[in-house]
Amino acid sequence: MVNIIALKNYGGHSDIEQAYRYLEYFIPSPTERELKINELYTKAFRFIDESNNWRCIQHFADYILKNKQTQISCEQASAVLEPFLVS
């Protein structure tokens, strides 16, 4: 598992900074914010570490890359993901 600090080396810096900014609205204490961001990171890593979830993410990412649209509707996303959700 790559820790949250090392994640910045893989292009996640702006996303992490945005998450911190969001948390500032809800959690005034810097210490509590740090605990929450680490908890969320761990939960996200566990989610993608499950092979079925990762296959679903890969399938959807492939769809997004192959699809030339700038927006994908909820209905399109549901249609792409549905085979993974029923199995």
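Is Glu39 buried, partly exposed or exposed? Glu39 is partly exposed, because its relative accessible area is 34%. Here buried stands for under 20% relative accessible area, exposed for over 50%, and partly exposed for what lies in between (1.4 Å probe, protein chains only).

Before we go on, a word about the model. It is predicted, so local features need pLDDT of at least 70 and side-chain atom pairs count only at pLDDT 80 or more, while totals for chains, interfaces and linings use all residues. Residues are numbered from 1 along each chain as its sequence is written, and side-chain values use heavy atoms, with hydrogens and water left out.

Searching the whole structure turns up two salt bridges. The term stands for a side-chain nitrogen of Lys or Arg within 4 Å of a carboxyl oxygen of Asp or Glu. Helices, for their part, are DSSP runs (H or I, at least four residues), as are strands (E, at least two), and they are numbered from the N terminus.

| Salt bridge | Closest N and O atoms |
|---|---|
| Lys36 and Glu39 | 3.2 Å |
| Glu39 and Lys43 | 3.2 Å |

Together, Lys36, Glu39 and Lys43 are linked in a network. Lys36 and Glu39 are about one helical turn apart because they are three residues apart in helix α3. Glu39 and Lys43 are four residues apart in helix α3, and so about one helical turn separates them too. Lys36 is partly exposed at 28% relative accessible area, and Lys43 counts as exposed at 51% relative accessibility.

**A nonpolar patch on the surface**

Which residues form the nonpolar patch on the surface? They are Phe47, Ile48, Trp54 and Ile57, and together they have about 350 Å² of accessible area. Such areas come from the Shrake-Rupley method with a 1.4 Å probe, and for residues only the protein chains shown count as cover. Patches are built from residues with over 30% relative accessible area and no salt bridge; like charges are joined within 9 Å, and nonpolar side chains (Val, Leu, Ile, Met, Phe, Trp, Tyr) within 5 Å. Helices α3 (30-49) and α4 (51-66) each supply at least two residues of the patch. Trp54 lies in helix α4 and counts as partly exposed, because its relative accessibility is 38%.

In soluble globular proteins, nonpolar side chains tend to be buried together. In this model, the largest nonpolar core has seven residues: Ile4, Ile16, Tyr20, Leu23, Ile27, Ile37 and Tyr41. The elements giving two or more residues to this core are α2 (13-26) and α3, and α2 gives the most, with three residues. A nonpolar core is a set of buried Ala, Val, Leu, Ile, Met, Phe, Trp, Tyr and Cys residues joined through side-chain atoms within 4.5 Å.
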